[in-house]
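Please look through the two chains shown below before reading on. The paragraphs that follow start where the chains meet and then take each chain in turn.

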Amino acid sequence: MAAIQGSWRVTARGDDDPRYVQARQTDGEEFIVAKVWAGDDGDYESTARLVAAAPDLYAVCKLLFGCLGEVIEEHNEVAYSDLHMALMKAEGET
Amino acid sequence: MTFDERVRDAAPGLLAALKEIVAYDEGSNKHGDFGYEVLQRCKTAIAKAEGRSDVMAHTPGPWTVGGQSDNPGEAEEIAAADRVIAWTADSYDYDDDEGHITQEDRANARLIAAAPELLAALRSAVTILSGWECTHKADDGDTETVRLCKAAIAKAEGRSE
């Protein structure tokens, strides 16, 4: 089973409340995917943004790996390996 | 003059030198002259000196899928270091009036936990490809791929591209 694709965005009910990441389905209906809260550290806004960007990051990493993976590997094997490992982690292969 | 005073005195020159190194590498497209890791450290130091370190304000990775939450509405826990930073939502079943953790919920948790690594890998790849594009007459498809990558990075950093 793949993760929910599509547009994820950050919402909040109040400034000091947890941030919610919502996904929009093709029919326009939205539902909560995740709740982000990191206590009083104040970094949960940025963390929520990164969570909301996860499907986009995965999609372009997958595209990049397929289209330009060889170019990246030719220039930097570590960067290529990091990209491969990140995709495997996202797909539950590690 | 103390060590700290000498460092402060030298800082503007050091910053300018770091910028010249990065500019030379990007302009010449000879990635590897200074070593990739060295260049990344140069860019991080420049960003910090210029007050742009906020792009890394999210909870540092690695993130892991920590386990199942006992609270209603919550499915899998996402942890960083020794604390939980996020929870995926469970899937509500109207038939039995309960939430259930589905395969999709688990896949979402894995995807979310990989986000810091995906972002870091993408940044590295885009740095490499930006130089490559300049000298290899990348086709429209490759250029569009790099543009999509930059847009995804911008979204993750809360910027508009």
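How many salt bridges are there between chain B and chain A? The count is 3 salt bridges, where a salt bridge is a side-chain nitrogen of Lys or Arg within 4 Å of a carboxyl oxygen of Asp or Glu. One of the salt bridges joins A:Lys35 to B:Glu74, with 2.7 Å between the closest N and O atoms. This is a predicted model, in which local features need pLDDT of at least 70 and side-chain atom pairs count only at pLDDT 80 or more, while totals for chains, interfaces and linings use all residues. Residues are numbered from 1 along each chain as its sequence is written, chains are lettered from A and ligands numbered from 1 in the order in which they are written, and side-chain values use heavy atoms, with hydrogens and water left out.

Across the interface of chain B and chain A there are also 10 residue pairs in polar contact, both residues being at pLDDT 80 or more. A polar contact is a pair of N or O atoms within 3.5 Å; within protein, one must be able to donate a hydrogen and the other to accept it, and residues adjacent in sequence count only if both atoms are side-chain atoms. On the side of chain B that touches chain A, the elements that give two or more residues are α2 (36-49), β3 (83-89), α3 (103-113), α4 (115-135) and α5 (140-156) of chain B. Such elements are DSSP runs numbered from the N terminus, helices being H or I runs of at least four residues and strands being E runs of at least two. The largest share of that side, 12 residues, comes from α4(B). Sorted by kind, the residues of the side of chain B that touches chain A are 30 nonpolar, 8 polar and 9 charged; here Ala, Val, Leu, Ile, Met, Phe, Trp, Tyr, Cys and Pro count as nonpolar, Asp, Glu, Lys and Arg as charged, and the others, Gly among them, as polar.

The size of an interface is often given as the accessible area lost when the parts come together. Between them, chain B and chain A bury about 4,100 Å², with 71% of it on carbon and sulfur atoms; buried area is the accessible area (1.4 Å probe) that two parts lose on being put together, summed over both. Of the area that chain B buries against chain A, B:Leu111, B:Leu118 and B:Lys155 supply 15%, more than any other three residues. The contact, which means heavy atoms within 4.5 Å, takes 47 residues from chain B and 46 residues from chain A.

Strands also meet across the two chains. Strand β3 (residues 30-36) of chain A and β3(B) run antiparallel and are joined by 3 bridges, with two strands counted as paired if DSSP finds at least two bridges between them. Within this pairing, A:Ala34 has B:Thr88 in β3(B) as its bridge partner.

Chain A has 2 helices and 3 strands, and from the N terminus on its elements run β-β-β-α-α. Strand β1 (residues 8-12) of chain A is joined to β2(A) by 5 bridges in an antiparallel arrangement, and A:Ala12 has A:Arg19 as its bridge partner in β2(A). In turn, 6 bridges join β2(A) to β3(A), again antiparallel, and the partner of A:Ala23 in β3(A) is A:Phe31. The hairpin of β2(A) and β3(A) has 5 residues between the strands, and A:Gly28 there takes a positive phi near 95°. Strand β2 (residues 19-24) of chain A is mostly covered, as 5 of its 6 residues are buried; buried means under 20% relative accessible area, exposed over 50%, and partly exposed in between (1.4 Å probe, protein chains only).

Chain B has 5 helices and 5 strands, which follow the pattern α-α-β-β-β-β-β-α-α-α along the sequence. Strands β1 (residues 63-68) and β2 (residues 74-80) of chain B pair in the antiparallel sense over 5 bridges, and in β2(B) the bridge partner of B:Gly67 is B:Glu77. These strands, β1(B) and β2(B), form a hairpin with 5 residues between them, and B:Gly73 in the turn has a positive phi of about 90°.

Is B:Thr145 buried or exposed? B:Thr145, which lies in helix α5 of chain B, counts as buried because its relative accessible area is 4%. Leaving aside residues up to four places away in sequence, B:Thr145 touches A:Leu63, A:Leu64, A:Cys67 and A:Leu68.
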